[in-house]
Amino acid sequence: MDTLFQKGAGLIASLTARSCGQAVNFRRGESVATGVTAVVGSKLFRYNDASGFSTVSRTRDFIVDRADLLAAIGVDGEPRDGDVIEQVDEFGDAIDYQVAAPNGEPVFQYVDTSETRVRIHTFRDDRTVEV
């Protein structure tokens, strides 16, 4: 049975997806899942590169329900390095975002303790990223 906190967190996640979410396409190899609802965000990564210089990278993040990923890619429903999320911009152009994270960081993290929502880190496909 869900606790009051879990019920509240689920309600907030549902309302956020409905009010702020947008449909994206999720690709893994030849498999494509269309119309996956995602809330778009970003994350700042700070680290020292191999030369010792401080480096900052900003990812474009997509927060999705894990159940949607399970339906889209099956198996464990976890995004992998090399997956692609396609987002359509306000002009109707499709932009591909490569699932990746800098400096060996994980490409996703769970948003909640129940592991029902996933935050996926991506970079624009036309950008060279050191991972």
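Q: Which elements do the buried residues of H2 pack against?
A: This is a predicted model. In it, the buried residues of H2 pack against the strands E1 (22-28), E2 (31-48), E3 (54-65), E6 (108-110) and E7 (117-124).

Q: Which residues of H2 are the buried ones?
A: In helix H2, residues 66-73, they are Arg66, Leu69, Ala72 and Ile73.

Q: Why are the buried residues of H2 said to line one face of the helix?
A: Viewed down the axis of H2, the buried residues fall within an arc of 120°, so they line one face. An α-helix has 3.6 residues a turn, so residues three or four places apart point the same way. On the other side of H2, Ala67 and Ala71 are exposed.

Q: Why is Thr59 called buried?
A: Buried means under 20% relative accessible area. Thr59 has 2% relative accessibility, so Thr59 counts as buried. This residue is found in strand E3.

Q: What makes the pair Thr59 and Asp61 a polar contact?
A: The cut-off for a pair of N or O atoms is 3.5 Å. The side chains of Thr59 and Asp61 meet at 2.7 Å, and the pair is therefore within that limit.

Q: Which residues does Thr59 touch, leaving aside neighbours within four places in sequence?
A: Thr59 is in contact with Gly41, Ser42, Lys43, Phe45, Pro102, His121, Thr122 and Phe123.

Q: What makes E1 and E2 a pair of strands?
A: Pairing calls for at least two bridges. E1 and E2 have six, in the antiparallel sense, so they pair. One of the bridges has Arg28 with Ser31 of E2 as its partner. The two strands form a hairpin with two residues between them, and Gly29 in the turn has a positive phi of about 60°.

Q: How do you know that E1 also pairs with E4?
A: Three bridges join E1 to E4 (residues 84-88), and at least two are needed, so these antiparallel strands pair as well. Phe26 stands opposite Ile85 in E4.

Q: What polar contacts does the side chain of Asn25 make?
A: Asn25 is found in strand E1. A polar atom of its side chain lies 3.4 Å from the backbone nitrogen of Gly35, and the side chain of Asn25 makes a polar contact with the side chain of Glu86 at 2.6 Å. With the limit at 3.5 Å, both distances therefore fall inside it.

Q: Which residues have the most contacts inside the largest nonpolar core?
A: They are Phe26, Ile85 and Ile120, in a core of 21 residues. The elements giving two or more residues to this core are E1, E2, E3, H2, E5 (94-99) and E7. E2 gives the most, with five residues. Leaving aside neighbours within four places in sequence, Ile120 has contacts that include Phe26, Leu69 and Ile85.

Q: What is the order of elements in the protein?
A: From the N terminus on, the elements run α-β-β-β-α-β-β-β-β. That is two helices and seven strands. Of the 131 residues, 34% count as buried.

Definitions and conventions. Residues numbered from 1 in each chain as written. Predicted model: local features only at pLDDT ≥ 70, side-chain atom pairs only at ≥ 80, totals over all residues. Heavy atoms only, no water. Buried < 20%, exposed > 50% of the residue type's maximum accessible area, 1.4 Å probe, protein only. Helix = DSSP H or I, 4+ residues; strand = E, 2+ residues; numbered from the N terminus. Arc of directions from axis to C-beta. Contact = heavy atoms within 4.5 Å. Polar contact = N/O pair within 3.5 Å; in protein donor to acceptor, adjacent residues only side chain to side chain. Core = buried A, V, L, I, M, F, W, Y, C linked by side-chain atoms within 4.5 Å.
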